[in-house]
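Me: I have just opened this one and would like to talk it through. Could you help me get my bearings?

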Amino acid sequence: MTKLCKIAITAALVCLPFVTCKSQREMKTINEGWTFLKGDATGASDSVYNEKGWDAIVIPHTWNTDAYTDKAYYKGVGWYRKKLSLSKDWNGKQIFLKFEAASKAASVFVNGQPVGEHQGGYTAFTIDITPYCSFSSPNVIAVKVDNAREDIPPISGDFTFFGGIYRDVWVIAVPKQHFDLLNHGSDGIFIQTPQVSAKQASLAIKGTVTNDAAEKTQLEVKHIIYAPDGQIAQTLHQNIRLKAHEQVAFTATAKPIINPRLWSPESPALYRVETILSDSKTKKVLDRISNYTGFRWFRFDGNEGFFLNGKPYKLHGICRHQDQKPIGVAMSDEMHRRDMLLMKEMGANFIRISHYPQDAAILEQCDKLGMLVWEEIPIIDIVPDSVAYANTCELNLREMIRQHYNHPAIITWGFMNEILLVTQRRYKKKIQLKPVLDRTLALANRLEKALKEEDPYRSSTMAFHASNMYNEAGLSGITDVIGWNLYSGWYGGKLTDFEKFLDEQHAQHPDHPIIVSEYGAGSDRRLHSFAPHNFDFSMEYQQQYLEHYLPVIEERPYVCGGTHWNFIDFSSALRDESMPRINNKGLVYSDRTPKDVFFYYQALFRKDIPVLHIAARDWTHRSGIQNGKDPVIQPIKIYTNLPEAELFIDGRSLGKKKSENYTILFDVPFTAGTHFLRATGITGNDNRPIEDGISVAFTPVPDRLNNENLRELELAVNVGSNCFFTSSESNLTWLPDRPYEPGGWGYLDKEKKSEETGTQTQIENTDDNPLYQTLRTNLEGYRFDVPAGEYEVELLFADIFKESDNLPYQLNETLPHVSRGNVFNVFINRHLVDEQLSPGRDDGCFQAVKKRYIATVGNEGLEIRFEQLNGKSFLNGIKLRKL
Ligand code: GCB
Ligand code: CA
């Protein structure tokens, strides 16, 4: 629901019980009863057209749920049609259609006539359709939408450019005299609060009145300012004369509001401004708009950080994309609101609405919940050599600002994200780079100017990647605030390079206010490690990474704050990695279930509630290698903002421990079976006991294999990886790889020639990507000291050795898979079981290949050996089962 809908409700309430609302603005959603065709079709805009083969759909709708499976998701044209009957009472009124978003471009037809066009997939647009309407028969609305346009941002980026009409569609009827509805998709009323202090606040209301009638008219504009408690604080009047078909702008300035209730994340007090248009003579109300506003002041400081209402504030932020698997961006307002509630619950006070303007429901929630906002338009990676593109950028920027102008939550507007990333990759030579830098700088300056023209009262922000070229090129001097997207310890470098970079930047440009506008690490619930490292996608590495980053941001006064990348696991069709098509840096999974690390943030961000969370939800079905009958010791982490906590397993205390950096680690002894973990603590303020509990199932894997423990065992090893991998298809856990020791099992590497390696490229033919993406090369073999008997041996292969660029995200189509000809013989206990095996040659590179062999074993144990014939030998996984 948008703010506009509330107006309709208010109007209805005010008019009860007289039921004479006719004269006022009426609006309703028209999301139902549409038909859709993926593709272009001649005649689809006509009023008479055979819709055979079209799908019946409702809005919100996207045609790109294919982006969760196909890298080459559909980009092109889609058509929507709907029959719309208009009430006879509306005859004589002005009729508008409002689309909250159609991605990327839309052409709208009413009864076969073109009525309007829009460029930009993330901003709303409104069209006056009055001259084309019929009040006696249904009107045919046809909309052609196109998400392939390259003259409209975004044209590059690590997310899916979903196509479709994916936000609400409204029909609006107003009397001939009304507030301007055609101002860049805004509601035409702009509220400013240029000067605010604890003592007093100024408030001005700007707008435009339109007379669509053929007669002159005399009107009155009244503004009623309601305090947060609902009491009228002030009423302002203005008289306006309009000639036939005239538009007149107005400004109303309120008397200073004394001792205003301030808006803040802790106390988001909202004032409401009702703007009413009525006929001076008859006093009949013609139009009415209601807007929330709030009083706050803020500043970004290069040395001291961010201040709100005079107080220093760390911006505890997150970035948010707008999709949810499997429905894509066709999300309901309730779903958007749920996300905001979750972020608030986590304790965030800031959101970077990235990389594009989002649903009105989001902004409305930001105001109400007290979430400061940076909102931006999607100019990403590179500026193309296109005048049309630059023009659309400016249009979309102005639209965003006008549409969301009245939200007190918004403190800064943004444009451009990592705009030199692809620029640098594509143009290596200075002579090639120069024209691109020139046009990037020109566009940035143009947008900054437009931004300040639109809104002199808010800041501007750009987000950069870790390159000094932004300083050298002069880009960092343009906006008020600089965002650094920093991934040291993820895409490369060490974790500590993060603070090094920040401190260097600050020393170089102490006057630049800095936000850490992105930082994050991928995580996949199927992967766990006690020795995590970057790019292993283990839940544990993400935790380790964030546990390093967050204190760095907290402890540096000059850092205004950070916006974690990303709140959700989101759709990025071009991305491969452990979960192809998904960027899994979320603090919550796609379905919004929090990851354990969510509670690290909550523990750190929230001072108002006790947080005590056993961080084992991401891994409730564990396994580990057991020596004899000894319990298996595994670390269990607690996230808490309490000074200390106690952990129990099956009622037995493991002691009390103090927290450090909002975490406590316990060594927990696990034996086979399901165990109950319980954590307890005492809150500091009121001495209240609190607790958390969770069941963990544990399946030990024997270190020494014998007839007894092999009976039910499926011994599976994730070769070449430090990670446990649990297949979501079979639930089987593949253990981290290890070297052979006499009496046990592991890989053979007498000459120390073998290497762990891996790829981020998707492996075809499997859902178990991470298992195949990690491997060991040049290994001699694998050995299991098993008793005599018959065994099934399974070997997993995927040849990953082809020319490939290891970009963080692939921006071009994948290169052809060229096998370099890795050929080897495979022996089991000296029997040649596979001669000249070459998974790459036979099945193609990046293909999962699974080979099973039956082996009869005597007293010598079981040994698999590889003999390299050409290139290298490799193994991605191994599994053993006694028959
Ligand atoms: C970035 C981009 C963002 C990506 C993110 C990532 O720097 O701004 O769009 O999704 O990194 O996960 O790589
Ligand atoms: Ca592996």
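Me: Let's start with charge: how many positive and negative side chains are there, and how far apart do the centres of the two sets lie?

Reply: Keeping in mind that this is a predicted model, the protein carries 110 negative side chains and 99 positive ones, and the centres of these two sets are 5 Å apart.

Me: What about secondary structure, how many helices and strands?

Reply: There are 56 strands and 13 helices in the protein. Its radius of gyration is 31 Å, close to the 29 Å given by the globule rule for 883 residues, so the protein is as compact as a globular protein of that length. Along the principal axes, the C-alpha atoms fill a box of roughly 105 × 70 × 60 Å.

Me: What share of the residues is buried?

Reply: Of the 883 residues, 63% are buried. As for contacts with a separation of 6 or more, 71% of them are between residues 24 or more positions apart.

Me: Switching to cysteines, how many disulfides does a search find?

Reply: A search of the whole structure turns up zero disulfides, a disulfide being a covalent bond between the sulfur atoms of two cysteines.

Me: Is cysteine 133 buried or exposed, and why?

Reply: Cysteine 133 counts as buried because its relative accessibility is 15%, and the cut-off for buried is under 20%. Cysteine 723 is also buried, with a relative accessible area of 0%.

Terms used:
Residues are numbered from 1 along each chain as its sequence is written. Chains are lettered from A and ligands numbered from 1 in the order in which they are written. This is a predicted model: local features need pLDDT of at least 70, side-chain atom pairs count only at pLDDT 80 or more; totals for chains, interfaces and linings use all residues. Side-chain values use heavy atoms; hydrogens and water are left out. Helices (H or I, at least four residues) and strands (E, at least two) are DSSP runs, numbered from the N terminus. The radius of gyration is taken over C-alpha atoms; the globule rule is 2.2 Å times the number of residues to the power 0.38. Buried means under 20% relative accessible area, exposed over 50%, partly exposed in between (1.4 Å probe, protein chains only). Contact means heavy atoms within 4.5 Å. Lys and Arg count as positive and Asp and Glu as negative; His and the chain ends are not counted. The place of a charge is taken as NZ of Lys, CZ of Arg, CG of Asp or CD of Glu. A disulfide is a pair of cysteine sulfur atoms within 2.5 Å.
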